Amino acid sequence: RWAFGVLGAGYLAPYHGYLLSLDYVGTVAEDVPAGFIMSVTYTYPLLVVFLLVTLLRWYFPLSSPKLYSIQISGSFAVFAAMLMLFAGACLRGLTARPLIFIVGTTLVIVGMADAVVQSAIQALAARFGPEHISAVMIGNGIVGCVASAVRIAVKLGSGHGSSPPVEELARKAAMFAIFTCLVMVACIGVWLWGLLPSVRRSAVIPEGGRGDDAAAGAELPETEDVDFSREGTVRDGVEEAQQVLVELGRAE
C-alpha cells in the first residue's frame, strides 16, 4: 500500500511544482494571468486524454505488467524531462513571452502524461482492493498539503511588504522544479523495484478491459448450487415469524 501512496503523491507533484514557481512566472509576465494559463494548459489536456484512455481501457486490454510499466515509468520520465526544461528556462532568465510559452507547452505535456499515469495507477489500485485506492487518495492529499505548507513558508520567509528580486525567485522556482524532478526519479524506482514485482506475482493482473476474461479464455470461479426446495419460501418464513410473535405474546 505504501507504494501506491507514493505514486499517488508523485503524479500530482509536477503540477504543484509549477504552482510553487507562480511568484516567479507572475513577476516576469506581469501582464499575463499566469495562474490561469497554468490551470488551463494543465487541466484541459488532462481531461481530454483521461477520457480517451478510459475509453481505450474499456475496449482494449491495457493492463499487462509490461503495459503498466510503460505507462507509469514513461509518464514519470516525461514529468522529469519537462521539469528540467522548466528549471533551465528559469535559470536562463527568459523574458515574459518565451517563459509563458515554455510553461504552457510543458504543462500541456505534463497534463497529458498525468492522465495516462493516473489512469494506470488507479486501475491498478482497483485490482488490488479498496485499501490501495485509499492509499492513492492519501498520497494525493499529502502532496497538496506539503505544497501548500512550502508555499506558505516561502511567503513568510520573504518578509512582509518586500518583493524579492527576480533572480531570487528564479532560483527558488528552479530549485522546486529540480527537487520535484528528483521525486519523479524516486517514483520510477518505487514502481520498478517496489511495486512491479508484486504486480508480476499477482493473479489479478491478467485481466484487462471489458471482455478480457472471455477473450483470454479465463475460467470463472465455480459457484455452489443452492437447493431452493429445501430453503422454503418467503411466505413460509413470514408465517413462522408470525407464530413466534404470537407465542411471545402469550408468554407475556
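Helices, taken as DSSP runs of H or I with at least four residues, are numbered from the N terminus, and the expected span of a helix is 1.5 Å times one less than its number of residues. The structure is a predicted model, in which local features need pLDDT of at least 70 and side-chain atom pairs count only at pLDDT 80 or more, whereas totals for chains, interfaces and linings use all residues. Residues are numbered from 1 along each chain as its sequence is written, and side-chain values use heavy atoms, with hydrogens and water left out.

Helix 6 contains 33 residues and reaches 46 Å from its first C-alpha to its last, close to the 48 Å expected at 1.5 Å a residue. Just after helix 6, Gly129 adopts a positive phi of about 130 degrees. For helix 5, the 28 residues should span 40 Å at 1.5 Å a residue, which agrees with the 40 Å between its end C-alpha atoms. Helix 5 is followed by Gly93, whose phi is also positive, near 70 degrees.

The axes of helix 5 (residues 65–92) and helix 6 (residues 96–128) come within 9 Å and cross at roughly 155 degrees, where axes are lines fitted to C-alpha atoms over the stretch in contact and angles run from 0 to 180 degrees between N-to-C directions. Helix 5 is therefore roughly antiparallel to helix 6, a term used for angles over 145 degrees. Helix 5 passes helix 6 in a left-handed crossing (the near helix is turned anticlockwise from the far one by less than a right angle). The residues of this contact divide into 21 nonpolar, 3 polar and 2 charged; Ala, Val, Leu, Ile, Met, Phe, Trp, Tyr, Cys and Pro count as nonpolar, Asp, Glu, Lys and Arg as charged, and the others, Gly among them, as polar.

A search of the whole structure finds 1 cavity of 30 Å³ or more, a cavity being a set of points on a 1 Å grid over the protein atoms alone where a 1.4 Å probe fits but cannot get out, with lining residues having an atom within 4 Å of a point. The largest cavity has a volume of about 80 Å³, the volume being the space filled by probe spheres set on the points, which are joined across faces, edges and corners. Its lining includes Leu20, Tyr24, Arg151 and Phe176, and helix 8 gives the most to this lining, with 4 residues.

Technical notes. Helices (H or I, at least four residues) and strands (E, at least two) are DSSP runs, numbered from the N terminus. Angles under 35 degrees count as roughly parallel, over 145 as roughly antiparallel, 65 to 115 as roughly perpendicular and the rest as oblique. On a 1 Å grid over the protein atoms alone, a cavity is a set of points where a 1.4 Å probe fits but cannot get out, and a pocket is an open set with protein on both sides within 12 Å along at least five of seven lines; lining residues have an atom within 4 Å of a point.
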